[in-house]
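The entries follow in the order I checked them.

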Amino acid sequence: MLKVLKFGGTSVGTLERIQNVANIIKKNRDEGHDVIAVVSAMSGETNKLIEYAQNFSAEPNAAEMDLLLSSGERVTSALLSITLNEQGYKTTSMSGREAGIITDNSHTKARIEEIDTTNMKNAIADGKMIIVAGFQGVTSNTHRVSTLGRGGSDLSAVAIAGAIGADICEIYTDVDGIYTTDPRIEPKARKLEKISYDEMLELASLGAKVLQNRSVEMAKKLNVNLVSRSSFTPEVEGTLITKEENIMEEPIVSGIAIDRNQIRVGMYGVTDKPGIAALIFSSLADADINVDMIVQTRGLDGTTDLDFTIPTTDFIECQKVMEKFKEQSKNIDYNENICKVSIVGVGMKSNTGVASKAFTALANENINIRIISTSEIKVSMVVEEKYAELAVRSLHEAYHLDK
């Protein structure tokens, strides 16, 4: 079996942890697998390099930043290769360039265009394991080093797994899989054996931080089977993220997600005329503000009320945009004391009564729902922030997710 194993910054944060990662790779080799490992920089290294650059420039050149930031991953890959070779395992390190990763020309946030797997296939044929420096490639026109932005090493691993036809891509972090909800909120949370790409994408977008959306999207596109597991407890099976057809018995609800980083914006008594909503939301889009849930209620006096949610990070910019519409509404207010609680599951597509069970569970706890939105596999509800954890626990119990 050809495996791609990816290790994040925490997993390689010290020399002792690099030795621990070497032990995981050796075990896979001893079991007869071919191995390509993709590594991040040691934890804290990237921030340190950014501080160094900002000591000389508030806005350093993006191409120079890419060359600087890519060095952290190459240090890890070389150290890990040295460790494995010293212990008798034929290994070679590769930069993104040597691994054949070609990107577009957007420095610091490049997108992978193609991967030439020739070097990696030759190394495997020569009996070697490969340690690839994640997060980087080279631009297609200038051949300068580029980096892939947030979650870039996960993306490198998934892209390599897809390009070379690996049997599986295992993403090692400091948690041992995907849980039905945050175990810090609900101690009865259960680790999932399998979850579909679409469910994982919904959970990731709602605040589950185990995997980045970009890497799950690419895994779905390239049909790569992903496993989320821990480098600190490698003997524990992780969670398989795969296509829906590979999950024999689809649960109605797979998980409960909570997002506390939300603000509700209310516009009341807005002049109700064609195009007003388009004008408001186009202005928000032009300011690069990500609007999520939207509710419009039309009054009988020729006005309408609008409620919508935005990420807390966009709050100041949103207030600036809303200033333009003060004359066209009676009142605009903001509520920072809210959160979004969501139930996610592919089984919703073929089962009725899923949403009503959620509403009943919250009503039984006297929790008022402020906004509701739905998709094919998700129901999201905005509630007061003080009820966030109670809402999660009551929904977890209502769908028997601990069973």
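Which element gives the most to the lining of the second largest pocket? I found that H1 does, with four residues.

Before going on, I note that this is a predicted model, in which local features need pLDDT of at least 70 and side-chain atom pairs count only at pLDDT 80 or more, while totals for chains, interfaces and linings use all residues. Residues are numbered from 1 along each chain as its sequence is written, and side-chain values use heavy atoms, with hydrogens and water left out.

Entry: the pocket. I looked up the terms for it. A pocket is an open set of points on a 1 Å grid over the protein atoms alone, where a 1.4 Å probe fits, with protein on both sides within 12 Å along at least five of seven lines; lining residues have an atom within 4 Å of a point. I counted 19 lining residues, of which Lys3, Glu170, Arg229, Pro234 and Glu237 lie nearest the centre. Helix H1 (15–30) and strands E9 (168–173), E11 (226–230) and E12 (239–242) each supply at least two residues of the lining. Helices (H or I, at least four residues) and strands (E, at least two) are DSSP runs, numbered from the N terminus. By class, the lining holds six nonpolar, four polar and nine charged residues. Nonpolar here means Ala, Val, Leu, Ile, Met, Phe, Trp, Tyr, Cys and Pro; charged means Asp, Glu, Lys and Arg; the others, Gly among them, are polar.

Entry: H6 and H7. I read an angle of about 170 degrees between helix H6 (residues 197–205) and helix H7 (residues 213–222), with their axes 9 Å apart. Axes are lines fitted to C-alpha atoms, for helices over the stretch in contact, and angles run from 0 to 180 degrees between N-to-C directions. H6 and H7 are therefore roughly antiparallel, a label for angles over 145 degrees. In contact (heavy atoms within 4.5 Å) are residues including Tyr197 and Leu201 in H6 and Val216 and Ala219 in H7. The contact of H6 with H7 has six nonpolar, two polar and three charged residues.

Entry: H2 and H3. Helix H2 (residues 45–56) packs against helix H3 (residues 62–86) at about 150 degrees, with the axes 9 Å apart. I therefore noted H2 and H3 as roughly antiparallel too.

Note on methods
Parallel < 35°, antiparallel > 145°, perpendicular 65-115°, else oblique.
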